[in-house]
Amino acid sequence: MENAYIYTRVSTLIQVDGFSLEAQEAEIRAFAEARKINIVGKYTDEGKSGKNAEHRPAFTQMMEDIRSKKDNIRYVLVFKLSRFARNTSDTAKYLQELSSYGIGLLGIKDGIDTSTVTGKMIANIMGAVAEVELENIHEQTLAGRQQKARNGLWNGAQAPFGYSLKDKKLMIYQKEAETVKEIFRLYTEEGQSISYIAKKLNDENIQREQRGNVKISGFTDRTVRIILSNPVYAGMISYGRRHTVKVEGKNNETKVVKQDDESKIILVDGVHEPIVSKETFAKAAERLKKNVAHRKTRSDSTTVYPLTGLIRCPDCGKNIFGYTAPPRKKKNGKEGYYPRYISYRCISGRDRNGISCSLANKYYSGTKLETEVKEVISSMVTIPEFVELISQKIDIQTDVNSLRKKQTAIRNEITKYSGNLLQTEKRLTELDIADRHYQSKVDSLNRILDDLYEKIEDAQTRLDEVDQEIAMVEKSAMTKKSIFEMLEGFSKYYDVMSPEDKKALLQAMVSFIELYPEKRDDKHLIKTIHFTFPVTYDGESGALFVRTNELQVETVALLEK
């Protein structure tokens, strides 16, 4: 009797008769019994898309067991080929690998047997068909949503703030609509800032109803900006402002991004009643555009701030950024301008969780901060105890395994959501219009689609952040020799370095810097400096510490304060 593995897979969104895990396994076992095949292992992926085999843990484990020849199997049994893989590259890749071990794939419903030449050819063709089918489903669903938008109808599962949904149509929700009008009035007529408007609404305890993915009841800068930029309030419907693209260099991975091609964005008059006039909305849009251009000009400034991205706000914990003061004319009738000075400040307003930073827009002297950092680092190489101990502790690159695990987990999230997205779109196209519950099912699936788009966008943001962290860690991964070269070079050349070189050197040496929240009697601003190698400077004691392990530290030396 020949041995075999069972592999079953199902998306959590398609637990329907004939495709459930239990139904798949029951039919496979009946087939095996009839063919006198001995089942020696079962592998199941629940809630996993078939679009990419790399992100299915049970499938991965099965392939590892096959490579190790754990059970010397002759077949892998699946319900249908689409349960095994749903794109051409994966189908061909893994069928070839199974063949190299003398293993055939048997699909009991579609009659696939890859132990034969004909069966292998048919399997590859069907894999290509399955991939095209998924793409067609996506295109058909997208076309339906686009047409709905062109007809002036709302596509979302949840109504935007200021409206409610009745029979799938937007209706003005008067209580919230008054707040929307006030937001536009404050912005376009009084010229108030977005931060001011958010703070005013929160101070007046104006609440948002929690609906869909909205988890907070207050207003953030982001919330106000979204309202001001959403054409729905001027009676228009917009669709396609974000879209899904493939990730370059990744097999079957996608991400949601903003649409840069305005010709692909649908913007038409809606069938709903506007809350503000088109003139008011256009005025707000023009001001938003100017503000974006202003921020871009600021960010594109040629001024380089050596400590930007390294200093953390003592209150909110976010990064503090460099700022150059505008030119000021000299007083008492004197000609010319005072020298422009550099400072660092926290620019956080109220964040997406409704939390405000009490130190927002507090300024810290750039000269003072850089001087303190320079004095600490320059002192290091003059301390024999430090040189001796640190040389014993550092000889390998920085470990990024934990970040890579986090990166993989988020990628798996995106793959899962993307698979669920395609399956939901497929279910939407397969609904029977004659079903008396047809409309309820359409609404339910649309809510699921909107939720999945939000989850994918959020996961993609988190993935971008982790990718940046990994890049920074890898960039700063150093050997013992390079650390001492940097320390020695720092004390010798820092003062004559360009701002660009100073920033590059500090980015390589310093992980982050913590500041005191209040001014101290000794005028020191820096509380702690965390280096990219296992050394920490404590501003309170003026001491350098070397980590001997995760729980212990050893005092190396006291620096002169």
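Tutor: A salt bridge is counted where a side-chain nitrogen of Lys or Arg lies within 4 Å of a carboxyl oxygen of Asp or Glu. The model is predicted, so local features need pLDDT of at least 70 and side-chain atom pairs count only at pLDDT 80 or more, whereas totals for chains, interfaces and linings use all residues. Residues are numbered from 1 along each chain as its sequence is written, and side-chain values use heavy atoms, with hydrogens and water left out.

Student: How many salt bridges does this rule give?

Tutor: Side chains of opposite charge can pair when their charged atoms come close. Some of the pairs join into a network, which links E182, R185, E190, K200 and E204. By the rule, the number of salt bridges is 20.

Student: Which residue forms a salt bridge with R29, and where do the two lie?

Tutor: R29 is partly exposed at 37% relative accessibility (buried means under 20% relative accessible area, exposed over 50%, partly exposed in between, with a 1.4 Å probe and protein chains only). Its side chain meets that of E25, with N to O at 2.9 Å.

Student: How far apart are the closest N and O atoms of D203 and K199?

Tutor: D203 and K199 are four residues apart in helix α7 (residues 194–203), and so about one helical turn lies between them. D203 counts as exposed, at 53% relative accessibility. In the salt bridge of D203 with K199, the closest N and O atoms are separated by 2.8 Å.

Student: Which residue forms a salt bridge with D269?

Tutor: The closest N and O atoms of this pair are 2.6 Å apart. The lysine of the pair counts as partly exposed, at 38% relative accessibility. The partner of D269 is K278.

Student: Is L288 buried or exposed?

Tutor: L288 sits in helix α9, residues 278–299. Beyond its neighbours within four places in sequence, L288 is in contact (heavy atoms within 4.5 Å) with Y187, I194, R225, L228 and S229. S229 is 59 residues away in sequence, yet the C-alpha atoms of L288 and S229 are 7.9 Å apart. With a relative accessible area of 12%, L288 is buried.

Student: What is the relative accessibility of G539?

Tutor: G539 lies in the loop between β20 (535–538) and β21 (543–547). G539 counts as buried because its relative accessibility is 2%.

Student: What percentage of the residues of the protein chain counts as buried?

Tutor: The chain has 15 helices and 22 strands. Among its contacts with a separation of 6 or more, 64% join residues 24 or more positions apart. Of the 561 residues, the share that counts as buried is 42%.

Student: Between which strands does the loop holding K362 lie?

Tutor: K362 is partly exposed, since its relative accessible area is 33%. The loop that holds K362 runs between β16 (342–345) and β17 (363–365).
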